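These are my notebook entries on a structure I went through part by part. I set down what I looked up, in the order in which I looked it up.

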Amino acid sequence: MITVALPKGALLEDSIRLFQEIGLDFSALNDPKNRALQIVDPTNTARALLVRALDVPVYIEYGQAQMGIVGYDVLREKTPKVADLADLQFGYCRLSVAVTSDSRYERSLDLPAHTRVATKFVQCAREYFHELDLPMEIIPLYGSVELAPITGMSEAIVDLVSTGRTLHENGLVEIELLFESTAHLIAHPLSYRLNRGNLAHYCDTMRQTITEKVAT
Amino acid sequence: MTSTFMLHQAPAGARDWLPVEVMQKQWLSQKLEAVFSQWGYQQIITSTLEWVETLTAGGAIDPATVIPLQDGSEKPLGLRPEFTASIARASVTRMQETPLPQRLFYNGNVFRSSQEHHGEQMESYQAGVELIGATGVLADSEIILLLSDCLQAVGIEQWHLILGEAGLTRSLLAPFPENLREKVRYCIAHLDRVSLEQLPLSRELQERALLLFDLRGTPETVLEKVSQLKLDATGKNIVTNLKSLLNLLSETASFSLTLDLSLLQTIDYYTGIVFEVVAETERETCIIGQGGRYDQLLGLYHPQGENLPGIGFALNLEQLQTCLLRQQKLPETTPASDWLIIPENVAAQASALNYAQQLRENSPSLRVELALEETNASNIRNYAQQKGINRLAWLKADGNAVVEEVEG
């Protein structure tokens with residue numbers, strides 16, 4: 001039986017729908033009354049694990065799940081050893097640098113060296129500023145990153161933006177883009193090579209479903 | 001937070017092997033070494049320390065994975081991360097006069113710096129073989145059959161061979177423009193289809209790249225797909241040899257085999273077949289061994305630059321041990337002593353030592369231990385019970401012994 005890792009949060013609903021389209025029904029996870037963290041689909045062919053987005057590639061890398069859906073942002077942050085099989089074209093967002101709207105900074109290079117930058121994406125932020133040759137003090141946070149510049153803890157943040165509403169409502173503006181992100185289909189490399197539980201078939205079908213959607 | 005340097009802990013990524021674990025490891029080593037010997041391989045022990053340059057000469061070892069050592073030598077030293085480089089060096093220098101082929105096996109520790117610091121082991125153990133100076137289908141099958149024999153001897157139940165052909169894959173990659181070939185290779189080796197699709201390739205080449213990305217399965221289906229691709233003369237020749245090898249293997253062994261022409265290391269010294277051995281337990285799938293043919297490596301170490309073909313494999317003993325533990329194949333306790341010899345008082349110490357020695361000499365396989373502390377009989381019986389010792393001998397000064405058998 002193959003095991004699928006699904007991310008809690010924004011990508012969950014679309015992920016469940018996509019698996020439904022390839023014949024694996026995990027919609028029970030969407031039921032607000034559901035508390036189970038793992039379920040088997042009604043046809044008894046696959047199991048789904050409900051985990052935090054950042055943990056999806058971990059379960060895949062260690063092989064406890066063979067197939068999963070995760071944001072490209074997570075792949076960039078964690079650089080897990082997983083097979084990156086398809087861009088699923090949903091869950092669009094972007095990782096951006098933002099500052100308070102009254103600040104005088106208009107691009108990342110305007111930020112003075114050794115500025116404090118708060119973020120959940122410590123690796124991505126570090127890499128980005130390293131490439132710009134800007135030594136920064138990166139402050140790791142786990143949520144409500146927008147508060148860091150509002151309270152004055154940091155000059156800037158590196159955070160995911162989807163519509164930009166949260167930033168706007170908190171008086172912040174995006175000044176530069178690190179990369180854009182969508183949901184990706186990933187798989188455990190060894191299981192993929194060995195085609196355990198007909199994994200390649202499920203991955204192919206899912207990719208085709210997406211290609212057809214984009215074409216229409 | 002204060003620094004948490006702990007005098008009483010092994011460093012992260014290092015470990016101690018306690019007696020039970022050592023016994024399991026020896027059980028494994030003895031079985032493997034017996035098979036290596038049966039096939040005519042002889043043990044070689046190479047140096048744990050090498051010049052970093054020696055280790056990285058073949059291009060397959062990333063210098064960042066070598067743990068460096070400082071001792072004031074003129075060039076940097078490092079701990080070996082694998083055996084092949086060391087054996088290649090020894091084989092073409094100090095063993096030059098040995099008739100070919102040389103069949104060598106090793107069993108020892110290797111070191112890898114753990115860059116991610118997730119607590120992966122920096123020191124681990126490998127046992128394996130190198131067959132030097134032999135080329136061709138028969139030599140390749142010897143290595144794979146020997147590998148299969150090893151896994152059977154230790155009792156691994158479910159294993160698969162993922163077999164690739166570095167030469168053939170190289171030849172299949174030849175039509176890609178040089179500036180993109182490395183990227184194509186990287187994407188295929190790392191199963192990164194998304195990046196592969198984004199490379200600026202012509203439609204025809206993109207199709208070829210995607211076909212290569214998924215060029216795996218049963219030998220028949222894969223060879224069928226390959227036969228539809230344009231191949232140069234070298235490529236065709238490799239396909240013919242690969243078919244002979246697969247035929248020979250199917251006539252002599254039965255294990256599950258996936259032919260995977262996308263199996264690549266990004267930088268590698270492999271020139272012919274490459275393979276990974278995968279073991280499956282209920283809970284996980286792990287690589288327990290890997291190997292391949294390297295026909296260009298030995299020339300790098302030969303004083304006159306003369307080249308010799310080579311092929312070998314290494315088994316990862318920790319992974320093997322984990323798999324066997326899950327299958328409950330390994331001994332789970334250390335054997336108890338057979339005798340406990342107790343001097344009744346100080347005057348009886350000499351006769352106790354003599355009595356114990358007599359037992360050992362009469363029967364060399366017996367384990368005989370001495371009670372060292374003067375204490376009462378019930379403490380001694382307690383100790384014997386805890387340690388599972390079934391025979392006690394109470395010694396008097398005159399050399400007489402009262403033997404007591406305890407129910408185990």
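Entry 1: the domains of chain A. I first looked up the spacing of the domains and found the C-alpha centres of domain 1 of chain A and domain 2 of chain A to be 30 Å apart. I note that this is a predicted model. The division I used assigns 2–91 + 182–215 of chain A to domain 1 and 93–179 to domain 2. For the contact between them I recorded 5 residues from domain 1 of chain A and 9 residues from domain 2 of chain A.

I then looked up the area: the two domains of chain A bury about 670 Å² between them, with 53% of it on carbon and sulfur atoms. On the side of domain 1 of chain A, the residues that lose the most area to domain 2 are Asp73(A), Arg76(A) and Glu77(A), which together make up 78% of what that side buries. I searched this interface for salt bridges and the rule found 0. The rule did find 4 residue pairs in polar contact across the interface of domain 1 and domain 2 of chain A.

Entry 2: chain B against chain A. I turned to the interface of the chains, where 25 residues of chain B and 17 residues of chain A take part in the contact. Chain B and chain A bury about 1,600 Å² between them, 52% of it on carbon and sulfur atoms. Of the area that chain B buries against chain A, 33% comes from Leu191(B), Arg193(B) and Val194(B), more than from any other three residues.

My search for salt bridges between chain B and chain A gave 2. I examined the one between Arg196(A) and Glu280(B), in which the closest N and O atoms are 2.7 Å apart. I also noted 9 residue pairs in polar contact between chain B and chain A.

Entry 3: strand E7 of chain B. Is this strand buried or exposed? I found 7 of the 7 residues of E7(B), residues 159–165, to be buried, so the strand is largely enclosed by the rest of the structure. Trp159(B), Leu161(B), Leu163(B) and Glu165(B) lie on one side, with His160(B), Ile162(B) and Gly164(B) on the other.

I then looked up the pairing of E7(B). With strand E10 (residues 273–280) of chain B, E7(B) pairs in the antiparallel sense over 7 bridges, and Leu161(B) stands opposite Val277(B) there. With strand E9 (residues 256–260) of chain B, E7(B) pairs in the parallel sense over 4 bridges; the partner of Leu161(B) in E9(B) is Leu257(B).

Note on methods: Residues numbered from 1 in each chain as written. Chains lettered and ligands numbered in written order. Predicted model: local features only at pLDDT ≥ 70, side-chain atom pairs only at ≥ 80, totals over all residues. Heavy atoms only, no water. Buried < 20%, exposed > 50% of the residue type's maximum accessible area, 1.4 Å probe, protein only. Helix = DSSP H or I, 4+ residues; strand = E, 2+ residues; numbered from the N terminus. Pairing = 2+ DSSP bridges. Domains from an automatic or database assignment. Contact = heavy atoms within 4.5 Å. Buried area = accessible area lost by both parts, 1.4 Å probe. Salt bridge = Lys/Arg side-chain N within 4 Å of Asp/Glu carboxyl O. Polar contact = N/O pair within 3.5 Å; in protein donor to acceptor, adjacent residues only side chain to side chain.
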